[in-house]
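Let's take a walk through this protein together. Have a look at the sequence and the 3D view, then read on.

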Amino acid sequence: MATYFALKHLHILTAIISVSLFVLRYWWQYRESTLSNKRWVRIVPHINDTLLLGSGIALVMMTHFYPFTPQGTWLTEKLFGVIIYIVLGFIVLGRRPRSQQVRLFAFLLALVVLYIIVKLATTKIPLLGFV
Ligand code: HEM
């Protein structure tokens, strides 16, 4: 039980750090701040997101909520949300030249997707109901 709570706390903490770094990095690239290109700014999010993913997988093992099963429909939807969030992250923060309008649109969309991810995680009620 203690391991479960430790993992869950780690998962929630890394989720908060992930969102905070995402917002900060968007802001820095929008302001064309040199902070965007700092080495730690490129490395820390990867370490954090690896911990987020790792703790997520460990929680799946411990809770037995499996995607693509009737009890895990919320998780299936959440994982699709995570994939969409990652793709939007590439559009927002990627090095390819893109207009600020496209980046802003993708950023706002990513925040909506994040809201849905957290809503699914906390309520465990699927939105669409597919398996
Ligand atoms: C952007 C990425 C993610 C965010 C923001 C996020 C957020 C959260 C939050 C806030 C909770 C706690 C819900 C509560 O209060 O009960 C949670 C629970 C959970 N997450 Fe994630 N998560 C993410 C990625 C993942 C991934 C990739 C996996 C699986 C591979 C995963 C698996 C789980 C599981 C199984 C729980 C349920 C734990 C429980 O309630 O006992 N999460 N997630």
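## A loop residue to start with

Find Arg-96 first: this residue sits in the loop that joins helix 3 to helix 4. Keep in mind as you look around that the model is predicted.

## Two helices side by side

Met-62 belongs to helix 2, and it is one of the residues there that meet helix 1. Helix 1 covers residues 2-30 and helix 2 covers residues 39-63; their axes come within 8 Å and cross at roughly 145°. The crossing of helix 1 past helix 2 is left-handed. Why quote both an angle and a distance? Because those two values are how a pair of packed helices is described.

Who takes part in this contact? On the helix 1 side you'll find, among them, Tyr-4, Leu-7, His-11, Ala-15 and Arg-25, while the helix 2 side includes Val-41, Pro-45, Asp-49, Gly-56 and Leu-59. Sorted by class, the residues of this contact come out as 14 nonpolar, 6 polar and 3 charged.

## Two domains

Zoom out a bit and the protein splits into domain 1 (1-63) and domain 2 (66-131). Their C-alpha centres lie 15 Å apart.

Where they touch, 7 residues of domain 1 are in contact with 7 residues of domain 2. Helix 1 supplies the largest share of the domain 1 side, with 6 residues. That side has 5 nonpolar, 1 polar and 1 charged residues.

## Around the ligand

Where does the ligand lie? Domain 1 and domain 2 both give residues to the shell around the ligand, so it lies between them.

There are 20 residues around the ligand, and the ones that come nearest are Ala-15, Gly-56, Leu-59, Thr-63 and Ala-121. Helix 1, helix 2, helix 3 (73-93) and helix 4 (100-123) are the elements that each give two or more residues to this shell. Which helix gives the most? That's helix 2, with 7 residues. As for the classes, the shell is made up of 14 nonpolar, 5 polar and 1 charged residues.

Note on methods. Residues are numbered from 1 along each chain as its sequence is written. This is a predicted model: local features need pLDDT of at least 70, side-chain atom pairs count only at pLDDT 80 or more; totals for chains, interfaces and linings use all residues. Axes are lines fitted to C-alpha atoms, for helices over the stretch in contact, and angles run from 0 to 180 degrees between N-to-C directions. Helices (H or I, at least four residues) and strands (E, at least two) are DSSP runs, numbered from the N terminus. A crossing is left-handed if the near helix is turned anticlockwise from the far one by less than a right angle, and right-handed if clockwise. Ala, Val, Leu, Ile, Met, Phe, Trp, Tyr, Cys and Pro count as nonpolar, Asp, Glu, Lys and Arg as charged, and the others, Gly among them, as polar. A residue is near a molecule or strand if its C-beta atom, placed from the backbone, lies within 6 Å of it. Domain bounds come from an automatic or database domain assignment.
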